[in-house]
Amino acid sequence: SDLDDALEWHNDNYFSEFQTDEDLGYYMVDEGLMGDVPEAIKSYLDYEKIGKEMKWDLIEINDCLYWNR
(Lines give C-alpha, C1' and ligand atoms only; values in the text may rest on other atoms or scores of the structure.)
Protein backbone atom coordinates (compact mmCIF):
# COMPACT_ATOMS: atom_id res chain seq x y z
CA SER A 1 0.00 0.00 0.00
CA ASP A 2 1.01 3.64 -0.30
CA LEU A 3 1.32 3.95 3.47
CA ASP A 4 3.63 0.93 3.66
CA ASP A 5 5.74 2.36 0.81
CA ALA A 6 5.95 5.75 2.56
CA LEU A 7 6.94 4.14 5.86
CA GLU A 8 9.61 2.04 4.15
CA TRP A 9 10.99 5.14 2.39
CA HIS A 10 11.04 7.01 5.72
CA ASN A 11 12.88 4.17 7.48
CA ASP A 12 15.40 3.78 4.65
CA ASN A 13 16.18 7.49 4.21
CA TYR A 14 15.63 9.24 7.55
CA PHE A 15 18.73 11.08 8.68
CA SER A 16 17.81 13.30 11.64
CA GLU A 17 16.36 16.58 12.86
CA PHE A 18 18.47 19.68 13.42
CA GLN A 19 17.45 23.12 14.61
CA THR A 20 20.04 25.00 12.56
CA ASP A 21 22.48 24.52 9.70
CA GLU A 22 25.26 25.07 12.23
CA ASP A 23 23.97 22.15 14.35
CA LEU A 24 24.02 19.95 11.25
CA GLY A 25 27.58 21.08 10.47
CA TYR A 26 28.79 20.24 13.98
CA TYR A 27 27.12 16.84 13.78
CA MET A 28 28.72 16.04 10.42
CA VAL A 29 32.19 16.91 11.69
CA ASP A 30 31.84 15.41 15.19
CA GLU A 31 30.49 12.10 13.87
CA GLY A 32 33.31 11.76 11.33
CA LEU A 33 31.02 12.11 8.31
CA MET A 34 33.41 14.70 6.87
CA GLY A 35 36.41 12.43 7.30
CA ASP A 36 39.05 12.72 10.00
CA VAL A 37 39.19 16.43 10.87
CA PRO A 38 42.11 17.27 13.20
CA GLU A 39 41.14 18.98 16.45
CA ALA A 40 43.66 21.74 15.74
CA ILE A 41 41.64 23.07 12.79
CA LYS A 42 38.07 22.53 14.04
CA SER A 43 37.90 26.04 15.52
CA TYR A 44 38.53 27.47 12.02
CA LEU A 45 35.61 25.65 10.37
CA ASP A 46 32.44 27.43 9.31
CA TYR A 47 29.94 24.91 10.69
CA GLU A 48 26.92 26.80 9.36
CA LYS A 49 28.32 26.67 5.83
CA ILE A 50 29.11 22.96 6.21
CA GLY A 51 25.50 22.34 7.27
CA LYS A 52 24.14 24.32 4.33
CA GLU A 53 26.37 22.45 1.89
CA MET A 54 25.32 19.08 3.30
CA LYS A 55 21.67 19.93 2.70
CA TRP A 56 22.36 19.53 -1.03
CA ASP A 57 22.43 15.78 -0.32
CA LEU A 58 19.37 15.87 1.93
CA ILE A 59 15.63 16.51 1.62
CA GLU A 60 13.90 18.50 4.36
CA ILE A 61 10.29 17.58 5.18
CA ASN A 62 8.60 19.05 8.27
CA ASP A 63 11.95 19.77 9.99
CA CYS A 64 13.18 16.21 9.35
CA LEU A 65 16.14 15.53 7.08
CA TYR A 66 16.24 12.58 4.68
CA TRP A 67 19.00 11.33 2.41
CA ASN A 68 18.26 12.26 -1.20
CA ARG A 69 18.82 8.86 -2.82
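Predicted model: local features only at pLDDT ≥ 70, side-chain atom pairs only at ≥ 80, totals over all residues.
Trainee: How many bridges join β2 to β3?

Mentor: Four bridges join β2 to β3 (residues 64-67). Read off two of the pairs. Leu58 stands opposite Trp67 in β3. Ile59 has Tyr66 in β3 as its bridge partner.

Trainee: What do β2 and β3 form, and how many residues lie between them?

Mentor: They form a hairpin, with two residues between the strands. Look at Asn62 in the turn: its phi is positive, about 50 degrees.

Trainee: Now the helices. How do I read a face?

Mentor: The general idea first. An α-helix has 3.6 residues a turn, so residues three or four places apart point the same way. Now take helix α2 (residues 21-30). Its buried residues are Asp21, Leu24, Gly25, Met28 and Val29. Seen down the axis of α2, they fall within an arc of 130 degrees, so they line one face of the helix.

Trainee: What covers the buried residues of α2?

Mentor: The cover includes β1, α3, α4 (47-54), β2 and β3. Just after α2 comes Gly32, with a positive phi of about 80 degrees.

Trainee: Let me try a single residue. Where is the place of Lys42?

Mentor: Lys42 is in helix α3 (residues 39-42).

Trainee: Is Lys42 buried or exposed?

Mentor: Use the cut-off: buried means under 20% relative accessible area. Lys42 has 14%, so it is buried.

Trainee: What does the side chain of Lys42 make a polar contact with?

Mentor: With the side chain of Glu39, at 2.9 Å.

Trainee: And which residues is Lys42 in contact with, leaving aside its neighbours within four places in sequence?

Mentor: Val29, Asp30, Val37 and Tyr47. Val29 is also among the buried residues of α2.

Methods:
Residues numbered from 1 in each chain as written. Heavy atoms only, no water. Buried < 20%, exposed > 50% of the residue type's maximum accessible area, 1.4 Å probe, protein only. Polar contact = N/O pair within 3.5 Å; in protein donor to acceptor, adjacent residues only side chain to side chain. Contact = heavy atoms within 4.5 Å. Pairing = 2+ DSSP bridges. Arc of directions from axis to C-beta.
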